[in-house]
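Please read the report below beside the sequence and the structure.

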Amino acid sequence: MNQLLMKQIAILSAILGGILGVITLIPFIKTLSFMALILCVSTIVLVYMKKNDAIGIINTREGAVFGAISGFVSFIAFSIVFIPLVSIIGLIFKSYNTYGILYLLKASGFFVLVMLVIFIAILSALMNAFSGLVTAYVYEYLTGIKKEANENFEIEIDN
């Protein structure tokens with residue numbers, strides 16, 4: 001697979017995860033933005049890249065791989081933005097609505113929090129892999145163009 005394309009997907013996913021990390025602080029839309037993070041970040045990234053012609057024809061396997069990368073990276077970026085912001089807001093306003101993050105840090109420590117984030121990032125990668133697979137399948141179905149299974153074929157020249 002194209003390494004440059006994977007880096008572009010990772011960067012776009014990290015930016016989107018960071019944005020969703022800030023948006024999730026808003027009480028009225030926190031559930032909606034968190035569910036969008038877990039379920040459909042890969043769809044948003046793949047559609048955006050397809051609209052800007054940054055990605056060509058992809059098959060369902062590539063859609064699943066790109067979705068998994070997108071889901072994992074976006075959740076890690078979300079956690080890097082969201083956890084410190086919630087902790088700071090909880091300490092400043094003495095709020096008990098810190099989603100249990102401060103209690104988890106006091107009771108279990110930083111290692112448990114990191115393991116929890118990695119576990120949920122893997123779950124997000126699985127959900128977004130399916131979402132990316134469905135996105136690639138829908139693009140194949142709508143355009144009617146399928147990517148060849150053997151992409152690295154050799155050209156035969158008749159003498």
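In this predicted model, M115 is partly exposed, because its relative accessible area of 41% falls between the 20% below which a residue is called buried and the 50% above which it is called exposed. M115 lies in helix α6, and together with F72, F111, V112, I118, F119, I122, L123 and L126 it makes a nonpolar surface patch of about 840 Å². Helix α6, which spans residues 110-143, gives the most to this patch, contributing eight residues.

Aromatic side chains form a second topic. A pair of aromatic rings is described by the distance of the centres and the angle of the planes. The structure holds four aromatic pairs, and two of them are set out here.

| Pair | Centre to centre | Angle between planes | Arrangement |
|---|---|---|---|
| F75 and F78 | 5.6 Å | 40 degrees | tilted |
| F78 and F82 | 5.0 Å | 10 degrees | stacked |

F75 and F78 are three residues apart in helix α4 (residues 60-93), so about one helical turn separates them. F75 counts as buried because its relative accessibility is 4%, and F78, with a relative accessible area of 4%, is buried as well. The rings of F78 and F82 count as stacked because their planes stand at 10 degrees, and the limit for that class is under 30 degrees. F78 and F82 both lie in helix α4, four residues apart, which is about one turn of the helix, and both of these residues are buried.

The last topic is helix α2, which covers residues 30-39 and in which S33, L37 and I38 are buried. These three residues lie on the same side of α2, because they cover an arc of only 135 degrees around the axis. Which residues does the face of α2 turned away from its buried side carry? That face carries the exposed residues T31 and L32.

Technical notes. Residues are numbered from 1 along each chain as its sequence is written. This is a predicted model: local features need pLDDT of at least 70, side-chain atom pairs count only at pLDDT 80 or more; totals for chains, interfaces and linings use all residues. Side-chain values use heavy atoms; hydrogens and water are left out. Patches are made of residues with over 30% relative accessible area and no salt bridge: like charges are joined within 9 Å, nonpolar side chains (Val, Leu, Ile, Met, Phe, Trp, Tyr) within 5 Å. Accessible areas come from the Shrake-Rupley method with a 1.4 Å probe; for residues, only the protein chains shown count as cover. A salt bridge is a side-chain nitrogen of Lys or Arg within 4 Å of a carboxyl oxygen of Asp or Glu. Helices (H or I, at least four residues) and strands (E, at least two) are DSSP runs, numbered from the N terminus. Buried means under 20% relative accessible area, exposed over 50%, partly exposed in between (1.4 Å probe, protein chains only). Rings of Phe, Tyr and Trp (its six-membered ring) pair if their centres lie within 6.5 Å; planes under 30 degrees apart count as stacked, over 60 as edge-to-face and the rest as tilted. The arc is that of the directions from the helix axis to the C-beta atoms.
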